[in-house]
Amino acid sequence: MRHLCSRRSEAAPQHSSGAPSLLLPFYSTSYSSTLIDNTGSKTRVYPKGLETSGSDKIKSIETFRVRPRWLFVRVETDKGVVGWGEATLEGHSEAVEGGFADFRERFIGWDPANIETAYRHRFYRGGEVLMSALSGLDMALWDIKGKTLGVPIWELFGGKVREKAYVYGWIGGDKPSDVLAQAQERKRQGFTAVKMNAVESIAWLDSPSVLDATVQRVIDVKSVGLDVGLDFHGRVHKTLAKQLARALEPHRPLFIEEPLLPGQVPELTKLYAQTTIPIALGERLYTRQDYRPYLEAGCIDLIQPDLSHAGGLSESRRVANMAETYDVGFAPHCPLGPIAFAASLQLAFSCSNFLICEMSWKMHYNLTPDGKGADLYTYINNPEVLQVEDGMIPLLTGPGLGIEVNEELVRASAVENGDFSWRCPTTDWRGPDGGIREW
(Lines give C-alpha, C1' and ligand atoms only; values in the text may rest on other atoms or scores of the structure.)
Protein backbone atom coordinates (compact mmCIF):
# COMPACT_ATOMS: atom_id res chain seq x y z
CA MET A 1 0.00 0.00 0.00
CA ARG A 2 1.35 3.45 -0.92
CA HIS A 3 0.21 6.59 0.85
CA LEU A 4 0.54 10.21 -0.18
CA CYS A 5 1.83 12.81 2.27
CA SER A 6 1.77 16.49 1.39
CA ARG A 7 4.88 18.63 1.83
CA ARG A 8 2.72 21.60 2.74
CA SER A 9 3.19 23.32 6.10
CA GLU A 10 -0.12 22.13 7.49
CA ALA A 11 -0.64 18.48 8.46
CA ALA A 12 -1.98 16.16 5.80
CA PRO A 13 -5.64 15.08 6.15
CA GLN A 14 -5.96 11.80 8.04
CA HIS A 15 -8.24 8.80 7.69
CA SER A 16 -9.88 7.51 10.86
CA SER A 17 -7.18 4.86 10.88
CA GLY A 18 -4.53 7.55 11.17
CA ALA A 19 -3.12 6.97 7.67
CA PRO A 20 -2.63 10.01 5.41
CA SER A 21 -5.56 10.64 3.08
CA LEU A 22 -5.27 9.89 -0.65
CA LEU A 23 -7.79 12.61 -1.44
CA LEU A 24 -5.44 15.57 -1.43
CA PRO A 25 -5.87 18.32 -4.06
CA PHE A 26 -3.13 16.66 -6.12
CA TYR A 27 -3.46 18.70 -9.33
CA SER A 28 -4.44 21.98 -7.74
CA THR A 29 -1.36 22.50 -5.58
CA SER A 30 2.17 23.39 -6.65
CA TYR A 31 3.69 21.84 -3.53
CA SER A 32 5.62 18.60 -3.74
CA SER A 33 4.40 15.50 -1.92
CA THR A 34 5.83 12.22 -0.75
CA LEU A 35 4.69 8.72 -1.60
CA ILE A 36 5.33 6.19 1.18
CA ASP A 37 5.14 2.49 0.32
CA ASN A 38 4.72 -0.42 2.76
CA THR A 39 8.49 -0.69 3.21
CA GLY A 40 8.74 2.86 4.45
CA SER A 41 10.55 4.09 1.30
CA LYS A 42 9.82 7.65 0.28
CA THR A 43 9.43 9.01 -3.27
CA ARG A 44 8.97 12.69 -4.01
CA VAL A 45 5.94 13.63 -6.12
CA TYR A 46 5.86 16.87 -8.13
CA PRO A 47 2.27 17.78 -9.05
CA LYS A 48 3.51 20.88 -10.91
CA GLY A 49 6.87 19.63 -12.06
CA LEU A 50 10.34 20.24 -10.70
CA GLU A 51 10.69 23.59 -8.99
CA THR A 52 13.48 25.90 -7.95
CA SER A 53 13.05 28.12 -4.93
CA GLY A 54 11.92 31.57 -6.05
CA SER A 55 11.46 30.53 -9.69
CA ASP A 56 8.96 32.22 -11.95
CA LYS A 57 5.75 30.30 -12.71
CA ILE A 58 3.46 30.04 -15.74
CA LYS A 59 0.46 32.26 -15.08
CA SER A 60 -1.53 31.96 -18.31
CA ILE A 61 -1.61 30.10 -21.62
CA GLU A 62 -3.65 31.60 -24.48
CA THR A 63 -4.24 30.73 -28.13
CA PHE A 64 -5.21 33.06 -30.98
CA ARG A 65 -6.62 31.90 -34.30
CA VAL A 66 -5.62 34.51 -36.89
CA ARG A 67 -5.70 34.85 -40.66
CA PRO A 68 -4.59 33.56 -42.99
CA ARG A 69 -4.47 30.14 -41.23
CA TRP A 70 -2.26 30.46 -38.16
CA LEU A 71 -2.65 29.57 -34.49
CA PHE A 72 -0.49 31.68 -32.18
CA VAL A 73 0.27 30.79 -28.56
CA ARG A 74 0.97 33.26 -25.76
CA VAL A 75 2.43 32.15 -22.43
CA GLU A 76 2.92 34.61 -19.57
CA THR A 77 4.70 34.12 -16.25
CA ASP A 78 3.94 35.55 -12.83
CA LYS A 79 6.76 38.04 -13.36
CA GLY A 80 5.24 39.27 -16.61
CA VAL A 81 7.60 37.62 -19.08
CA VAL A 82 5.70 36.76 -22.28
CA GLY A 83 6.69 34.03 -24.72
CA TRP A 84 5.15 33.39 -28.11
CA GLY A 85 4.74 30.15 -30.04
CA GLU A 86 2.95 28.90 -33.11
CA ALA A 87 0.85 25.73 -33.08
CA THR A 88 -0.54 25.98 -36.58
CA LEU A 89 -1.93 22.72 -37.98
CA GLU A 90 -3.36 23.80 -41.30
CA GLY A 91 -7.10 23.13 -41.41
CA HIS A 92 -7.33 21.69 -37.90
CA SER A 93 -6.94 24.62 -35.49
CA GLU A 94 -9.92 23.56 -33.39
CA ALA A 95 -8.35 20.18 -32.64
CA VAL A 96 -5.12 21.82 -31.49
CA GLU A 97 -7.03 24.30 -29.36
CA GLY A 98 -8.53 21.31 -27.57
CA GLY A 99 -5.03 20.21 -26.65
CA PHE A 100 -4.44 23.52 -24.94
CA ALA A 101 -7.38 22.94 -22.60
CA ASP A 102 -5.31 20.07 -21.24
CA PHE A 103 -2.14 22.16 -21.20
CA ARG A 104 -3.72 24.86 -19.07
CA GLU A 105 -4.71 22.30 -16.47
CA ARG A 106 -1.29 20.68 -16.50
CA PHE A 107 1.15 23.53 -16.92
CA ILE A 108 -0.23 26.67 -15.30
CA GLY A 109 1.80 26.90 -12.12
CA TRP A 110 4.85 25.15 -13.64
CA ASP A 111 8.35 26.56 -13.81
CA PRO A 112 8.68 27.59 -17.51
CA ALA A 113 12.42 26.91 -17.41
CA ASN A 114 11.82 23.15 -17.32
CA ILE A 115 11.03 22.76 -21.01
CA GLU A 116 12.13 19.15 -21.37
CA THR A 117 9.79 18.03 -18.61
CA ALA A 118 6.82 19.58 -20.41
CA TYR A 119 7.53 17.51 -23.51
CA ARG A 120 7.80 14.22 -21.61
CA HIS A 121 5.00 14.78 -19.09
CA ARG A 122 2.50 12.50 -20.80
CA PHE A 123 1.79 8.89 -21.71
CA TYR A 124 0.64 9.46 -25.32
CA ARG A 125 3.18 11.12 -27.60
CA GLY A 126 3.32 11.85 -31.29
CA GLY A 127 0.62 12.53 -33.86
CA GLU A 128 -0.02 15.78 -35.65
CA VAL A 129 -2.54 17.26 -33.20
CA LEU A 130 -0.70 16.70 -29.92
CA MET A 131 2.70 17.50 -31.42
CA SER A 132 1.41 20.73 -32.98
CA ALA A 133 0.05 21.83 -29.61
CA LEU A 134 3.32 20.90 -27.91
CA SER A 135 5.18 22.79 -30.63
CA GLY A 136 3.45 26.05 -29.78
CA LEU A 137 4.03 25.60 -26.06
CA ASP A 138 7.67 24.62 -26.59
CA MET A 139 8.44 27.69 -28.71
CA ALA A 140 6.83 29.98 -26.16
CA LEU A 141 8.85 28.45 -23.30
CA TRP A 142 12.13 28.85 -25.20
CA ASP A 143 11.11 32.44 -26.00
CA ILE A 144 10.59 33.04 -22.27
CA LYS A 145 13.92 31.46 -21.40
CA GLY A 146 15.77 33.58 -23.93
CA LYS A 147 14.05 36.77 -22.82
CA THR A 148 14.67 35.98 -19.15
CA LEU A 149 18.38 35.51 -19.82
CA GLY A 150 18.57 38.32 -22.37
CA VAL A 151 19.95 36.17 -25.21
CA PRO A 152 18.68 34.74 -28.51
CA ILE A 153 17.70 31.08 -28.38
CA TRP A 154 20.59 30.00 -30.59
CA GLU A 155 22.93 31.06 -27.76
CA LEU A 156 21.25 28.44 -25.56
CA PHE A 157 21.93 25.73 -28.15
CA GLY A 158 25.70 26.16 -28.05
CA GLY A 159 26.03 29.40 -30.00
CA LYS A 160 25.92 30.27 -33.66
CA VAL A 161 27.49 28.21 -36.43
CA ARG A 162 26.73 30.75 -39.19
CA GLU A 163 25.98 34.44 -39.64
CA LYS A 164 23.16 34.05 -42.19
CA ALA A 165 20.59 31.42 -43.15
CA TYR A 166 19.54 30.56 -46.69
CA VAL A 167 15.82 30.72 -47.44
CA TYR A 168 13.57 30.07 -50.42
CA GLY A 169 10.25 31.57 -51.47
CA TRP A 170 7.22 30.07 -53.16
CA ILE A 171 5.98 30.49 -56.72
CA GLY A 172 3.10 29.01 -58.69
CA GLY A 173 0.44 28.28 -56.10
CA ASP A 174 -1.45 25.02 -55.57
CA LYS A 175 -1.86 24.67 -59.33
CA PRO A 176 1.43 25.99 -60.70
CA SER A 177 1.13 28.61 -63.41
CA ASP A 178 2.80 31.85 -64.51
CA VAL A 179 6.00 30.70 -62.85
CA LEU A 180 8.38 32.62 -65.09
CA ALA A 181 7.05 36.05 -64.10
CA GLN A 182 6.89 35.03 -60.44
CA ALA A 183 10.46 33.71 -60.55
CA GLN A 184 11.64 37.02 -61.97
CA GLU A 185 9.86 38.83 -59.13
CA ARG A 186 11.39 36.56 -56.50
CA LYS A 187 14.83 37.28 -57.90
CA ARG A 188 14.15 41.03 -57.61
CA GLN A 189 13.13 40.44 -53.99
CA GLY A 190 16.55 38.97 -53.23
CA PHE A 191 15.91 35.23 -53.39
CA THR A 192 18.37 32.83 -54.98
CA ALA A 193 16.08 29.78 -54.72
CA VAL A 194 12.36 29.07 -54.95
CA LYS A 195 10.00 26.13 -54.57
CA MET A 196 6.89 25.24 -56.55
CA ASN A 197 4.44 22.39 -56.77
CA ALA A 198 5.61 19.85 -59.32
CA VAL A 199 2.19 19.01 -60.70
CA GLU A 200 -1.45 19.96 -60.48
CA SER A 201 -4.13 17.37 -59.80
CA ILE A 202 -2.87 14.10 -61.24
CA ALA A 203 -4.32 10.61 -61.55
CA TRP A 204 -2.76 7.52 -59.99
CA LEU A 205 -1.88 6.48 -63.54
CA ASP A 206 -2.02 9.39 -65.97
CA SER A 207 -0.76 10.13 -69.44
CA PRO A 208 3.02 10.64 -69.29
CA SER A 209 2.46 13.81 -71.31
CA VAL A 210 1.16 15.55 -68.17
CA LEU A 211 4.75 15.56 -66.92
CA ASP A 212 6.00 17.66 -69.84
CA ALA A 213 4.64 20.87 -68.34
CA THR A 214 6.57 20.20 -65.11
CA VAL A 215 9.84 19.92 -66.98
CA GLN A 216 9.13 23.12 -68.91
CA ARG A 217 8.40 25.06 -65.72
CA VAL A 218 11.76 23.98 -64.30
CA ILE A 219 13.48 25.15 -67.47
CA ASP A 220 11.67 28.51 -67.28
CA VAL A 221 12.56 29.13 -63.63
CA LYS A 222 16.20 28.16 -64.03
CA SER A 223 16.49 30.51 -67.02
CA VAL A 224 16.09 33.37 -64.55
CA GLY A 225 19.13 32.19 -62.63
CA LEU A 226 17.31 30.67 -59.64
CA ASP A 227 17.58 27.21 -58.15
CA VAL A 228 14.24 25.47 -57.78
CA GLY A 229 12.89 22.75 -55.51
CA LEU A 230 9.89 20.74 -56.64
CA ASP A 231 7.20 19.71 -54.18
CA PHE A 232 5.52 16.51 -55.37
CA HIS A 233 3.29 16.93 -52.26
CA GLY A 234 2.49 13.22 -52.23
CA ARG A 235 0.31 13.81 -55.31
CA VAL A 236 2.41 11.61 -57.56
CA HIS A 237 2.20 7.86 -57.04
CA LYS A 238 5.08 5.55 -57.86
CA THR A 239 3.56 4.77 -61.27
CA LEU A 240 4.60 8.26 -62.40
CA ALA A 241 7.06 9.41 -59.74
CA LYS A 242 9.92 7.41 -61.25
CA GLN A 243 9.13 8.78 -64.71
CA LEU A 244 9.01 12.36 -63.47
CA ALA A 245 12.25 12.03 -61.51
CA ARG A 246 14.00 10.69 -64.61
CA ALA A 247 12.59 13.47 -66.82
CA LEU A 248 13.81 16.10 -64.36
CA GLU A 249 17.27 14.61 -63.96
CA PRO A 250 18.97 16.57 -66.78
CA HIS A 251 17.63 19.85 -65.40
CA ARG A 252 19.04 19.35 -61.90
CA PRO A 253 16.40 20.70 -59.51
CA LEU A 254 17.59 21.63 -56.03
CA PHE A 255 15.53 18.79 -54.55
CA ILE A 256 12.27 16.90 -54.97
CA GLU A 257 9.99 16.92 -51.93
CA GLU A 258 7.60 14.17 -50.85
CA PRO A 259 7.94 12.27 -54.13
CA LEU A 260 5.79 9.59 -52.49
CA LEU A 261 3.36 9.65 -49.59
CA PRO A 262 4.72 9.41 -46.02
CA GLY A 263 5.05 5.87 -44.72
CA GLN A 264 6.14 4.33 -48.01
CA VAL A 265 9.72 3.70 -46.94
CA PRO A 266 10.45 0.60 -49.08
CA GLU A 267 8.95 2.27 -52.15
CA LEU A 268 10.90 5.47 -51.54
CA THR A 269 14.09 3.46 -51.10
CA LYS A 270 13.62 2.00 -54.58
CA LEU A 271 12.96 5.44 -56.06
CA TYR A 272 16.03 6.82 -54.29
CA ALA A 273 18.17 4.24 -56.09
CA GLN A 274 16.82 5.41 -59.47
CA THR A 275 17.69 9.12 -59.26
CA THR A 276 20.55 11.42 -58.32
CA ILE A 277 18.21 14.29 -57.43
CA PRO A 278 18.26 15.00 -53.67
CA ILE A 279 15.09 13.73 -51.98
CA ALA A 280 13.46 15.73 -49.18
CA LEU A 281 10.55 15.00 -46.87
CA GLY A 282 9.31 15.44 -43.33
CA GLU A 283 6.43 17.88 -43.02
CA ARG A 284 4.12 14.97 -42.08
CA LEU A 285 6.55 13.37 -39.63
CA TYR A 286 6.44 14.55 -36.02
CA THR A 287 9.03 12.75 -33.87
CA ARG A 288 12.47 11.17 -34.03
CA GLN A 289 10.74 7.81 -34.12
CA ASP A 290 8.88 8.87 -37.28
CA TYR A 291 12.14 9.85 -39.00
CA ARG A 292 14.09 6.82 -37.90
CA PRO A 293 13.03 4.33 -40.63
CA TYR A 294 13.85 6.83 -43.40
CA LEU A 295 17.28 7.54 -41.98
CA GLU A 296 18.04 3.88 -41.43
CA ALA A 297 16.89 3.03 -44.96
CA GLY A 298 19.14 5.74 -46.41
CA CYS A 299 16.40 7.02 -48.72
CA ILE A 300 16.46 10.77 -48.02
CA ASP A 301 18.97 13.61 -48.35
CA LEU A 302 17.10 16.44 -46.61
CA ILE A 303 14.81 16.25 -43.59
CA GLN A 304 12.09 18.87 -43.36
CA PRO A 305 10.52 18.93 -39.90
CA ASP A 306 7.93 21.66 -39.52
CA LEU A 307 8.59 23.31 -36.17
CA SER A 308 4.84 23.92 -35.74
CA HIS A 309 4.17 20.17 -36.02
CA ALA A 310 7.33 18.40 -34.85
CA GLY A 311 7.52 19.40 -31.20
CA GLY A 312 8.82 22.93 -31.63
CA LEU A 313 12.48 23.73 -31.15
CA SER A 314 13.20 20.87 -28.76
CA GLU A 315 12.19 17.84 -30.81
CA SER A 316 13.10 19.39 -34.17
CA ARG A 317 16.62 20.06 -32.90
CA ARG A 318 16.92 16.44 -31.80
CA VAL A 319 15.72 15.33 -35.25
CA ALA A 320 18.31 17.57 -36.93
CA ASN A 321 21.10 16.25 -34.74
CA MET A 322 20.05 12.67 -35.40
CA ALA A 323 19.98 13.30 -39.15
CA GLU A 324 23.53 14.63 -39.12
CA THR A 325 24.70 11.17 -38.06
CA TYR A 326 23.42 9.89 -41.42
CA ASP A 327 24.91 12.80 -43.42
CA VAL A 328 21.40 14.13 -44.01
CA GLY A 329 20.80 17.87 -44.19
CA PHE A 330 18.26 19.89 -42.19
CA ALA A 331 15.86 22.10 -44.18
CA PRO A 332 12.91 23.23 -42.02
CA HIS A 333 9.47 23.18 -43.60
CA CYS A 334 7.72 26.48 -42.85
CA PRO A 335 4.87 27.75 -45.07
CA LEU A 336 3.47 29.35 -41.90
CA GLY A 337 3.68 32.48 -39.76
CA PRO A 338 6.46 34.66 -38.37
CA ILE A 339 6.75 32.84 -35.03
CA ALA A 340 7.35 29.44 -36.61
CA PHE A 341 9.75 31.06 -39.08
CA ALA A 342 11.75 32.77 -36.34
CA ALA A 343 11.93 29.49 -34.42
CA SER A 344 13.18 27.73 -37.55
CA LEU A 345 15.89 30.34 -37.95
CA GLN A 346 17.05 29.85 -34.37
CA LEU A 347 17.84 26.25 -35.31
CA ALA A 348 19.31 27.34 -38.65
CA PHE A 349 21.85 29.46 -36.81
CA SER A 350 22.80 26.69 -34.37
CA CYS A 351 22.64 23.41 -36.35
CA SER A 352 25.67 22.48 -38.41
CA ASN A 353 23.72 20.46 -40.97
CA PHE A 354 21.21 23.23 -41.75
CA LEU A 355 20.82 23.80 -45.49
CA ILE A 356 17.90 26.10 -46.31
CA CYS A 357 14.54 27.14 -44.82
CA GLU A 358 11.15 27.70 -46.38
CA MET A 359 9.75 31.26 -46.12
CA SER A 360 6.06 32.11 -46.56
CA TRP A 361 6.43 35.81 -47.41
CA LYS A 362 3.98 36.59 -50.25
CA MET A 363 2.97 32.94 -50.48
CA HIS A 364 -0.30 32.09 -52.22
CA TYR A 365 -2.01 31.01 -48.97
CA ASN A 366 -1.37 34.41 -47.44
CA LEU A 367 -2.62 36.60 -50.28
CA THR A 368 -6.30 35.72 -50.37
CA PRO A 369 -8.68 37.01 -53.09
CA ASP A 370 -11.02 38.52 -50.50
CA GLY A 371 -8.26 40.77 -49.20
CA LYS A 372 -8.64 39.46 -45.66
CA GLY A 373 -5.36 37.56 -45.59
CA ALA A 374 -2.24 38.42 -43.67
CA ASP A 375 1.39 38.00 -44.59
CA LEU A 376 4.60 37.06 -42.82
CA TYR A 377 5.28 40.58 -41.53
CA THR A 378 1.69 41.53 -40.60
CA TYR A 379 1.80 40.58 -36.92
CA ILE A 380 5.32 41.70 -35.98
CA ASN A 381 6.70 45.13 -35.10
CA ASN A 382 10.24 44.52 -36.38
CA PRO A 383 9.91 43.06 -39.90
CA GLU A 384 13.34 44.43 -40.77
CA VAL A 385 14.99 41.47 -39.01
CA LEU A 386 13.39 39.05 -41.50
CA GLN A 387 14.45 40.78 -44.73
CA VAL A 388 15.99 38.68 -47.50
CA GLU A 389 19.51 39.67 -48.56
CA ASP A 390 21.27 37.65 -51.28
CA GLY A 391 18.98 34.72 -50.61
CA MET A 392 19.62 34.77 -46.86
CA ILE A 393 18.27 36.12 -43.56
CA PRO A 394 20.89 37.75 -41.30
CA LEU A 395 21.49 36.46 -37.78
CA LEU A 396 18.66 37.21 -35.34
CA THR A 397 20.21 38.92 -32.33
CA GLY A 398 17.19 39.90 -30.21
CA PRO A 399 16.37 37.95 -27.04
CA GLY A 400 14.29 34.81 -27.31
CA LEU A 401 12.91 34.24 -30.78
CA GLY A 402 14.22 37.62 -31.90
CA ILE A 403 10.90 39.02 -33.16
CA GLU A 404 8.47 41.44 -31.53
CA VAL A 405 4.87 40.26 -31.84
CA ASN A 406 2.21 42.95 -32.21
CA GLU A 407 -0.02 41.65 -29.45
CA GLU A 408 -2.69 44.29 -29.90
CA LEU A 409 -3.14 43.34 -33.56
CA VAL A 410 -3.10 39.61 -32.78
CA ARG A 411 -5.86 40.02 -30.21
CA ALA A 412 -7.94 42.19 -32.51
CA SER A 413 -7.55 39.80 -35.42
CA ALA A 414 -8.50 36.81 -33.27
CA VAL A 415 -11.71 38.55 -32.20
CA GLU A 416 -12.55 39.75 -35.71
CA ASN A 417 -11.97 36.31 -37.19
CA GLY A 418 -13.37 34.28 -34.32
CA ASP A 419 -15.62 32.24 -36.60
CA PHE A 420 -13.02 31.75 -39.33
CA SER A 421 -11.27 28.42 -39.85
CA TRP A 422 -9.06 27.73 -42.85
CA ARG A 423 -9.63 24.37 -44.51
CA CYS A 424 -7.48 22.37 -46.92
CA PRO A 425 -9.16 22.60 -50.35
CA THR A 426 -9.29 18.83 -50.75
CA THR A 427 -12.86 18.88 -52.08
CA ASP A 428 -11.56 20.50 -55.28
CA TRP A 429 -9.09 17.69 -55.96
CA ARG A 430 -11.07 15.21 -58.02
CA GLY A 431 -10.50 13.84 -61.47
CA PRO A 432 -12.92 13.88 -64.42
CA ASP A 433 -14.25 10.54 -63.19
CA GLY A 434 -15.15 12.06 -59.80
CA GLY A 435 -12.43 10.10 -58.02
CA ILE A 436 -10.59 11.88 -55.22
CA ARG A 437 -6.94 12.77 -55.75
CA GLU A 438 -4.11 13.70 -53.40
CA TRP A 439 -3.93 17.40 -52.56
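Okay, let's start with the second largest pocket, which has a volume of about 200 Å³. A pocket here is an open set of points on a 1 Å grid over the protein atoms alone, with protein on both sides within 12 Å along at least five of seven lines. Points are joined across faces, edges and corners, and the volume is the space filled by probe spheres set on them.

Quick caveat: this is a predicted model, where local features need pLDDT of at least 70, side-chain atom pairs count only at pLDDT 80 or more, and totals for chains, interfaces and linings use all residues. Numbering runs from 1 along each chain as its sequence is written, and side-chain values use heavy atoms, with hydrogens and water left out.

So what lines that pocket? Lining residues have an atom within 4 Å of a point, and among them are Asp56, Lys79, Asp111 and Lys145. By class, the lining has five nonpolar, three polar and four charged residues.

Next, cavities, meaning sets of points where a 1.4 Å probe fits but cannot get out.

Helices are DSSP runs of H or I, at least four residues, numbered from the N terminus. The buried set includes Phe341, Ser344 and Gln346.

Technical notes
Buried < 20%, exposed > 50% of the residue type's maximum accessible area, 1.4 Å probe, protein only. Helix = DSSP H or I, 4+ residues; strand = E, 2+ residues; numbered from the N terminus. Nonpolar A, V, L, I, M, F, W, Y, C, P; charged D, E, K, R; others polar.
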